[in-house]
Amino acid sequence: MKKPLFSPIILALLVLLIVVLIPNKWIEGMIPKERINQAATELNPFMFQGKYVQQKMLENKHFLPIYGSSELARLDRFHPSNYFKVTGEEFTPFLIGRGGTESLIHLLNFSEHTNQLKGKKMVFVLSPQWFQPQGTDESHFVPNYSSLQGYDFAFNQKVNPTIKKEAIKRLLKFSPVKDDPFLSTIYQAEITNDPWMKRKASLVRPFAYAYRNLLVKKDLYYSLVGGKPHKREISHKVRDKSWGKLAIQAEKMGSRKSKNNQFCITNGQFNKIKKMVPSLKDSKKGASYGKSPEYDDFQLLLDVLKESGAQPLFISVPVNGKWYDYTGFPKEGRTAYYERIKKQIQSQGFQIADFSNHEYDPYFMKDTIHIGWKGWVYTDKAIKNFYEGKKVEEDLGRLN
Amino acid sequence: MTPYGSFTFFFIVAILLAPTIILGLQGKRFQTYNMFVTILALGLIFSSTLRGAIALILFTIWQVLLIKSYIAYRKKANGNSIFYLAVILSILPLALSKLMPYFSQVNLIGFLGISYLTFKGIQLIMETRDGLIKKDIPLSRLLYFILFFPTISSGPIDRYRRFEKNFQAEVTADQYKLLLYQGINKIFQGFLYKYIIGYSINHFFIAKLRFYAHSQFEHQLYYMYSYSLYLFFDFAGYSAFAIGVSYIMGIKSPENFNLPFISRNIKDFWNRWHMSLSFWFRDFVYMRFVFWIMKKKWIKNRNLVSNLGYILLFLLMGIWHGLEIQYILYGIYHALLMVIYNSFERFNKKHKWWPQNKFTHAVAIIITFHFVCFGFYIFSGQLFHKGV
């Protein structure tokens with residue numbers, strides 16, 4: 001055997017020590033200013049789960065954050081990111097969300113920035129599919145949960161204690177929180193009167209805080225590295241057009257791209273599900289989005305936004321009516337959702353653009369569940385009105 | 001806490017072993033401190049499930065009582081039936097824990113590492129029977145051997161007489177330096193294997209198979225090879241952690257893997273793959289079976305005895321992994337390969353049909369690799385799960 005040689009391990013420990021102990025300010029100094037602009041359409045999950053980039057974004061008046069889920073990645077030419085870019089709008093949409101980022105995930109993210117939300121205009125795109133009878137599940141929660149946001153929530157003193165407790169009860173149901181020995185101890189101490197638990201938590205807190213600081217640093221490193229540009233369409237063909245003209249353009253594009261099925265689904269998407277289509281007929285009989293724990297999760301999110309003084313516009317996205325009828329998903333199960341969610345949002349005094357009457361509007365949806373093409377045109381108009389402080393309209397007005 | 005499962009685990013172990021390292025580098029004895037560390041580490045590993053902890057304690061008491069009383073008995077007499085009874089009683093908890101899931105919702109007997117600890121128990125009884133262990137074993141050392149934390153969850157399976165030699169050895173400062181160096185090396189090899197290579201295979205290939213494969217057959221084929229490589233890197237990485245930590249504690253736990261994918265034939269493979277397990281089965285099942293049959297002169301044909309021994313060995317090894325159909329088939333598959341290879345080897349000795357040169361060596365490695373991968377494909381259970 002070779003002679004024992006310890007210099008490599010000592011060097012490795014030294015490097016680790018430097019990486020961990022380097023002041024955050026120095027790393028921040030190295031992050032290029034352009035990073036925030038780049039991040040606007042990158043849809044980088046590390047950014048969603050992080051803190052620094054979003055914090056800088058919220059500081060900057062020129063960004064309009066759009067929170068949502070998988071529809072945000074449908075970056076066609078009618079998507080707000082292209083539309084407001086080429087029409088030279090003074091704001092830039094900043095996209096936050098991907099498949100599975102449902103109410104609880106956004107709730108943690110909003111809680112991270114409560115002190116920055118006062119008077120902040122933002123858009124929030126809802127998906128009916130979040131409102132499953134069981135609510136969000138591990139497969140959606142786990143990949144999107146952020147330890148940093150989870151730990152910061154534990155130390156968060158700004159969020160209303162009642163809301164915080166309710167949120168903690170929900171979060172403790174999911175494995176990344178439940179199985180985290182530090183976090184679950186602190187969380188449990190928040191919702192119990194058991195003095196043992198409280199003592200245990202105060203014992204754990206310094207360690208948790210140190211770990212949280214490491215996570216903050218990790219986020220800075222991730223921000224330094226940045227993400228990859230997301231594939232998107234940048235087209236000037238949407239400039240100088242009336243909303244009506246845009247809608248016609250969107251319809252034409254939609255009909256060109258969805259030829260192989262009667263559901264107005266893009267060819268590519270339909271090819272993926274083609275084999276399963278016959279087996280899906282009438283497979284959703286008796287289903288409904290009207291009852292779900294997600295409503296309570298969403299209420300917590302509304303409460304946090306309300307408390308922090310944010311000014312959100314909610315977009316209520318419909319489902320693809322033709323497809324949902326084919327799968328036998330009852331109309332009542334859909335309308336129950338549209339009505340309930342609208343009432344919930346309006347009772348908080350927030351604005352909503354309700355597109356639920358577009359279920360059968362061809363090319364409003366890009367596939368079975370995602371808004372696209374014409375749907376984005378309506379959304380663009382709603383966002384523009386909302387940003388300019390006008391009344392949010394749900395129709396396009398004159399069609400020329 | 002799962003051993004070697006998180007950064008926190010390594011961090012805690014590093015802190016716990018800091019005194020060992022300091023003592024070792026000064027050439028002082030550290031095994032008493034290590035025993036104390038083992039208690040702490042066991043507490044950490046089993047603290048998450050109370051049931052597991054209780055099962056471990058009861059299991060340990062059972063095995064210790066059994067071993068101690070058998071050693072005491074063996075000093076006076078050497079009856080066959082008592083020996084068989086002791087072995088059966090030693091296997092009993094493992095057998096019950098494997099059968100339990102078929103009868104009850106909760107497994108009251110099973111705990112992390114039960115199969116590996118059982119090997120240590122049976123081994124002690126068998127070596128006592130053979131007269132290799134004569135003296136009574138101090139209780140603390142027996143417990144330390146059985147519960148030695150670095151190898152508790154999945155081996156490598158150590159032998160008591162080897163362990164004892166390390167335990168009693170006076171380690172000089174220079175010798176310890178080398179042990180520490182080798183230990184750190186092993187641990188970092190483990191990081192490379194398990195958390196870089198193994199993780200990447202799983203995360204970037206197996207999890208995304210549906211994007212790479214264009215048909216069901218392709219899917220299964222890719223899965224077979226990638227799963228085999230994943231299994232190796234994951235398990236070899238784990239073993240490297242266990243061996244590395246053992247070394248730092250002054251115990252040279254046996255190696256578990258020796259480049260298994262360059263095996264020339266299936267026999268060679270079993271001398272390179274999960275070695276501590278296959279050697280255990282070789283010494284305590286195969287050899288014993290062959291000797292016993294020969295002694296009783298029930299079967300004269302040496303070759304037949306040897307084949308029967310292989311069949312017994314691999315069936316038992318399959319069942320030991322679990323009673324699920326895939327493990328039993330995995331055992332049968334390897335038994336079959338062994339028997340076929342055995343016959344081929346004998347045939348080739350006579351007829352010199354397969355020459356020995358560089359080219360045939362390479363071909364042999366390639367053939368063996370594919371057969372081995374198919375074995376892991378059976379083992380993975382992919383064949384028996386509906387849909388992909």
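The domain assignment of chain B in this predicted model gives three entries, which are set out in the table below with their residue ranges.

| Domain of chain B | Residues |
|---|---|
| domain 1 | 30-164 |
| domain 2 | 173-248 |
| domain 3 | 260-384 |

Between domain 2 and domain 3 of chain B, the C-alpha centres are 24 Å apart, and eight residues of domain 2 of chain B are in contact with nine residues of domain 3 of chain B. On the domain 2 side of this boundary in chain B, the touching residues divide into six nonpolar, two polar and no charged.

The two chains also meet, with five residues of chain A in contact with six residues of chain B. The side of chain A that touches chain B is made up of five nonpolar residues, with no polar and no charged ones.

Within chain A, five strands form an open sheet with parallel pairing, in the order S2-S1-S3-S4-S5. Its edge strands, each pairing on one side only, are S2 (92-96) and S5 (351-354) of chain A, and from one strand to the next the twist averages 25°. Strand S1 of chain A is joined by two bridges to strand S3 (residues 121-126) of chain A, and these strands run parallel; Ile66(A) has Val123(A) in S3(A) as its bridge partner. Helix H20 of chain A packs on the sheet, where it touches S1, S3, S4 (311-316) and S5 of chain A, and its direction makes about 165° with that of S4(A).

The residues Ile66(A) and Val123(A) return in the largest nonpolar core, which has 91 residues and in which Ile66(A), Val123(A) and Ile315(A) have the most contacts. Helix H20 (residues 373-387) of chain A gives the most to this core, with seven residues. Apart from this core lies another of 75 residues, including Val13(B), Ala55(B), Ala236(B) and Tyr247(B). In soluble globular proteins, nonpolar side chains tend to be buried together. Leaving aside neighbours within four places in sequence, the contacts of Ile66(A) include Pro80(A), Pro93(A), Phe94(A) and Val125(A).

Another element of chain A to look at is helix H7 (residues 103-112), of which 10 of the 10 residues are buried, so this helix is largely enclosed by the rest of the structure. Among the buried residues of H7(A) are His106(A), Asn109(A), Phe110(A) and Glu112(A). The buried residues of H7(A) pack against strand S1 (63-67) and against helices H8 (138-141), H9 (147-155), H10 (161-171) and H17 (294-308) of chain A.

Terms used:
Residues are numbered from 1 along each chain as its sequence is written. Chains are lettered from A and ligands numbered from 1 in the order in which they are written. This is a predicted model: local features need pLDDT of at least 70, side-chain atom pairs count only at pLDDT 80 or more; totals for chains, interfaces and linings use all residues. A residue is buried if 20 or more other C-beta atoms lie within 10 Å of its own, exposed if 12 or fewer, and partly exposed in between; C-beta atoms are placed from the backbone. Helices (H or I, at least four residues) and strands (E, at least two) are DSSP runs, numbered from the N terminus. Two residues are in contact if their C-beta atoms, placed from the backbone, lie within 7 Å. Ala, Val, Leu, Ile, Met, Phe, Trp, Tyr, Cys and Pro count as nonpolar, Asp, Glu, Lys and Arg as charged, and the others, Gly among them, as polar. A nonpolar core is a set of buried Ala, Val, Leu, Ile, Met, Phe, Trp, Tyr and Cys residues joined through C-beta atoms within 7 Å. Two strands pair if DSSP finds at least two bridges between them. Axes are lines fitted to C-alpha atoms, for helices over the stretch in contact, and angles run from 0 to 180 degrees between N-to-C directions. Domain bounds come from an automatic or database domain assignment.
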